[in-house]
Amino acid sequence: MPLTEYDTTDALGLAGLVRNRDITAGALVEEAIARAEKRNPQLNAVVFKAYDQARERATGKLSDGPFTGVPMLLKDMRAGCIGMPTRSGSRLTPAIPADRDCTLVARYKAAGLNPIGKTNVPEFGILPTTEPKLYGAAHNPWDLTRTPGGSSGGSAAAVAAGIVPIAHATDGGGSVRIPASCCGLVGLKVSRGRITQAPDAADSTSGLSVDHVVTRSVRDCAAALDISCAPDFGDPYFALPPVGSYLDGIKRKPRRLKIAIATRGMNGRAFDPEVIGAVEHTAKLCQQLGHTVEEALPSIEHEQMTMAFLTIWASNTAYAVESYSRMTGVKPSLDVIEGITFGFWEAGLKVTAVQHIAMLQFFHRLARIMARFHETYDLWLTPTLGAAPMKLGTVNIDETDPQKALIPMTGYVPFTAMQNATGQPAINVPLQWSVSGLPIGVQFVARSGDEMTLLQMAAELEDVAPWADRYKAVKL
């Protein structure tokens with residue numbers, strides 16, 4: 001296959017070539033491996049190689065699923081895959097290969113996807129940049145001095161750089177959408193309870209965190225949701241079931257929608273002018289398509305939401321650190337966890353059960369407020385980030401005071417955590433690039449359970465303002 005064809009064909013397209021016998025699954029996996037070996041030294045996106053297992057699957061009996069023979073990467077968080085360790089980017093966690101596939105990875109394989117390795121993450125997925133001490137920094141393929149985002153930074157960098165067309169990602173505060181914005185990809189954060197975390201996790205980060213993928217095309221995102229969204233017995237809750245296939249659904253245009261837009265933060269903070277321009281450009285596109293657009297913000301207590309989010313995050317970080325400490329017998333210290341993780345661990349140990357429950361109850365009240373907001377507005381259009389991808393090294397991961405460590409990110413992540421708190425779905429759409437050539441994403445937010453409208457809106461925008469040719473600009 002010509003190199004340009006791999007660069008310009010999405011995952012479903014590559015599977016079609018395999019299905020039609022225009023190319024073999026073995027050739028596809030070799031292409032992915034060759035690209036990883038060539039490009040990863042600059043990116044540091046792939047942190048565990050499972051090439052031999054991938055080659056064996058590619059030459060065996062293929063699934064005839066929608067992604068037959070397509071190579072993919074798994075994030076180094078959750079995504080348990082036989083033969084691969086999952087370390088969550090931490091020196092504290094042991095490098096023990098899994099002896100079974102988690103339910104989601106089993107579904108990926110059944111659909112024909114072929115995992116070739118694991119991708120770089122910040123320690124325990126805490127930061128919106130990927131610079132762990134365990135693996136070192138991951139780099140943005142559009143500008144190697146910039147972050148690819150976090151916590152799914154390695155996955156996004158690998159997809160944007162053309163190593164694989166699709167990669168697993170998780171999102172606990174924006175960790176699908178932030179790297180999708182930084183790397184110019186489609187990134188859908190699904191509704192709470194949409195995708196199972198069985199059998200090893202459930203209600204991750206007290207319900208904040210969900211799984212899905214980062215992709216180049218909307219249809220790959222939709223098809224990946226079709227193969228993964230069935231509930232599993234034992235899950236603590238389920239999202240509302242979809243009405244039909246998401247892939248089929250995006251072939252239909254959405255009804256004309258009423259869309260709220262945000263050109264300033266919940267605290268009134270202004271964004272970078274290019275970010276505001278990206279939102280306004282997207283709003284104009286929506287209007288040209290016949291949608292109604294007006295500026296509006298929900299009535300949210302921004303400071304209390306931030307406090308609640310940090311409290312829940314601290315208690316869950318403490319839970320993770322304590323769990324691995326008991327498993328390994330290694331006491332938490334700055335020798336085995338980073339400064340910011342250490343600070344969250346210490347803070348989390350002080351969170352009482354009453355405080356934890358109070359913060360969760362606040363999130364539930366927030367979800368009610370957003371439900372009322374969506375009685376008026378079908379979608380909410382916001383910046384994904386308040387500025388272009390930050391330079392690597394901006395955040396001091398050795399700082400043990402989390403509030404000090406997070407100061408450089410003030411205004412940088414203005415909206416994404418809110419959807420994790422409320423459980424709503426939201427999607428990053430890569431419609432705009434900065435003057436310097438960096439991606440600037442925008443996100444659409446929908447009412448809980450309504451991924452279909454998000455995917456239909458994204459597909460409609462992709463049709464009138466396609467972004468696929470942009471990826472040819474990545475030169476590694």
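## Helix 8 and helix 16

The axes of helix 8 (residues 218-228) and helix 16 (residues 451-464) come within 9 Å and cross at roughly 160 degrees. Axes are lines fitted to C-alpha atoms over the stretch in contact, with angles from 0 to 180 degrees between N-to-C directions. Helices (H or I, at least four residues) and strands (E, at least two) are DSSP runs, numbered from the N terminus. This is a predicted model: local features need pLDDT of at least 70, side-chain atom pairs count only at pLDDT 80 or more, and totals for chains, interfaces and linings use all residues. Residues are numbered from 1 along each chain as its sequence is written, and side-chain values use heavy atoms, without hydrogens and water.

The two helices are therefore roughly antiparallel (angles over 145 degrees). Val218, Cys221, Ala222 and Leu225 in helix 8 meet Glu451, Leu455, Ala458, Ala459 and Glu462 in helix 16 (contact: heavy atoms within 4.5 Å).

## Helix 5

Helix 5 (residues 103-110) is largely enclosed by the rest of the structure, because six of its eight residues are buried (under 20% relative accessible area, 1.4 Å probe, protein chains only). They are Thr103, Leu104, Val105, Arg107, Tyr108 and Lys109. Their packing partners include strand 2 (71-75), strand 3 (114-119) and helix 8. Just after helix 5, Gly112 takes a positive phi of about 105 degrees.

## Gly268

Gly268 lies in the loop between strand 7 (258-261) and helix 10 (273-288). Gly268 is partly exposed, at 44% relative accessible area (partly exposed runs between under 20% for buried and over 50% for exposed). The C-alpha atoms of Gly268 and Glu462 are separated by 30 Å.

Note on methods:
Angles under 35 degrees count as roughly parallel, over 145 as roughly antiparallel, 65 to 115 as roughly perpendicular and the rest as oblique.
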